[in-house]
Amino acid sequence: MSALTRAAGADERPAVSVPYRRLTLANSVLGAVIVALDGTVLTIAQPTLRRDLDASFAEVQWTSTAYLIAVASLLVFAGRLGDRFGHQRVFAWGVLGFGAASAGIGLAPGVGWVIALRVVQGVFGALLQPATLGMLRAAFPPDRLGMPVALRTSAIGVAAAAGPLVGGVLVTELGWRAVFFLNVIPALVMGLLALAVRAPRTARGVPVGGLDTRGAALLAVALAALVHTLVGIPGHGWTVPGVLGLLVAGAAGVALVRHERRAPDPLLPPAVFGSATAGAALGVLVTASAAMMGALFVGSHLLQDVLGMDPLRTSLVALPGGVMMILGAPLSAVLLRRWGARPTALTGTLLLTAGVLVLSAVRPGSPTAVIGGGFLLLGAGFGAVMVTATAVVVREAPPEAAGVVGGLQQTAMNIGPTLGVAAAATLLPLAAGPAFWLLAGLSALGAPLAGRMPRPARSPRDGSLSVRNDEDKDVCDP
């Protein structure tokens, strides 16, 4: 048993009240939703933003890239702040700052201001995202995290699916600035609630030593260089600056590992840094999100440029994937509780890989039902993997490292999609088939990692699966 598992298993804390759990779940879900919705609606708003502000394509691209680099490079350090000062407090800072930055972008007079404020928004988004998971870890017992994580996953799926529609209506009727004002009121309400409600003693943060700013800086450099390089590959291919970016990321990563092994108060605590279980779950999240987003990227190209579908029909054909992710996430939480993490994650990985392979066989004249079935498998598989791996990562974390682990989970969910799109874009000029095969291989890499996840917990008396606590029955009962 790993040090991380032992620490989590020893988590004997006083029960948190049911009303506080419900408020925590609501804030966690809504906080994740506004971040997911912000990204999807911006994609729809960018063409209008470019025309209105007389910006170049490169400048408009930086409205997304600047945010992504800022948020990805700071997630783990932000999680550490939550461990030290309390996740609810850091969540409040993050969501209020995110809303304020959104309002500023909506009032921005030029694209330079938009880019700068997107960086600010990314900083506050980095505070917000790990806290949404850290709060759940503080409020729910480790064996009760599956359904809260599943509800959070379903809500993210709804936001991702509804984003293009919401963005289209807002931009058409009110202009591109409206998509940023959309965040302001929900962020204000959630932030004030988080500040007004007193967190239980067990959820207020614990002493974690120093903040290891040197480790945080090395990790930020590594992630910023990696994300910047991966984001540029689809548009520019492999360039000299891109190769240099990978070298910088690698050098910073090596320096980080050496530093963390010697630091008295490392950014990544030994219980996290040396946990095979957490490492396997994070690896599965990277491979699954890479395969999922890469397949959506290639699939959109295939349906529109090869099969000649318009954007609306493309969205409708791919809709089963989003629906299955939304509906399948709670089911995955039930399976996680009954089967355990290993079988559930393996099943999700196999479904995801099968979906990519089905789409790789699509040709002109392929039945729409077959194409839709491929996307359905993608959504079912990815939903199962995301719920299972996230629950394992958060559940296994000791309370004093829940924020760091949440930051690592969010980092994996940022790195994976950029890696998948970059890998697919490298082979897409040849044909869609090879790009899909590469993504199927990436997805299949998750199988041995899923095999390292925990087996089902069984009672020592009768061999049956462990039974949940009845005190939580009225909250998120599967």
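Modeller: A term comes before the values. Buried means under 20% relative accessible area, exposed means over 50%, and partly exposed lies in between, with a 1.4 Å probe and protein chains only. This is a predicted model, where local features need pLDDT of at least 70, side-chain atom pairs count only at pLDDT 80 or more, and totals for chains, interfaces and linings use all residues. Residues are numbered from 1 along each chain as its sequence is written, and side-chain values use heavy atoms, with hydrogens and water left out.

Colleague: What percentage of the residues in the protein chain is buried?

Modeller: The protein chain has 478 residues. The buried share of them is 54%.

Colleague: How many helices and how many strands are there in the protein chain?

Modeller: Both are DSSP runs, numbered from the N terminus: helices are H or I with at least four residues, strands E with at least two. The protein chain has 18 helices and zero strands.

Colleague: What share of the contacts with a separation of 6 or more joins residues 24 or more positions apart?

Modeller: Contact means heavy atoms within 4.5 Å. Among contacts in the protein chain with a separation of 6 or more, residues 24 or more positions apart account for 85%.

Colleague: Is α12 roughly parallel or oblique to α16?

Modeller: Axes are lines fitted to C-alpha atoms, for helices over the stretch in contact, and angles run from 0 to 180 degrees between N-to-C directions. Helix α12 (residues 276–306) and helix α16 (residues 402–427) pack at about 40 degrees, with axes 7 Å apart. Angles under 35 degrees count as roughly parallel, over 145 as roughly antiparallel, 65 to 115 as roughly perpendicular and the rest as oblique. So α12 is oblique to α16.

Colleague: How do the residues of the contact of α12 with α16 divide by class?

Modeller: Ala, Val, Leu, Ile, Met, Phe, Trp, Tyr, Cys and Pro count as nonpolar, Asp, Glu, Lys and Arg as charged, and the others, Gly among them, as polar. Residues meeting here include Met293 and Phe297 in α12, and Leu408 and Met413 in α16. The division is 15 nonpolar, five polar and no charged.

Colleague: Is α2 roughly parallel or oblique to α6?

Modeller: The axes of α2 and helix α6 (residues 146–174) come within 7 Å and cross at roughly 30 degrees. The contact of α2 with α6 has 18 nonpolar, six polar and one charged residues. The angle makes α2 roughly parallel to α6.

Colleague: Why is the pair of phenylalanine 85 and tryptophan 93 tilted?

Modeller: Rings of Phe, Tyr and Trp (its six-membered ring) pair if their centres lie within 6.5 Å; planes under 30 degrees apart count as stacked, over 60 as edge-to-face and the rest as tilted. Phenylalanine 85 is partly exposed at 30% relative accessibility, and tryptophan 93 is partly exposed at 39%. Their ring centres are 6.3 Å apart, and the pair is tilted because the planes stand at 50 degrees.

Colleague: What is the angle between the planes of tryptophan 176 and phenylalanine 180?

Modeller: Tryptophan 176 and phenylalanine 180 are both buried. Their aromatic pair is edge-to-face, 6.1 Å centre to centre, with the planes at 85 degrees.

Colleague: Is aspartate 54 buried or exposed?

Modeller: Aspartate 54 lies in the loop between α2 (18–53) and α3 (57–85). Its phi is positive, near 55 degrees. Most residues other than glycine have a negative phi. At 72% relative accessibility, aspartate 54 is exposed.
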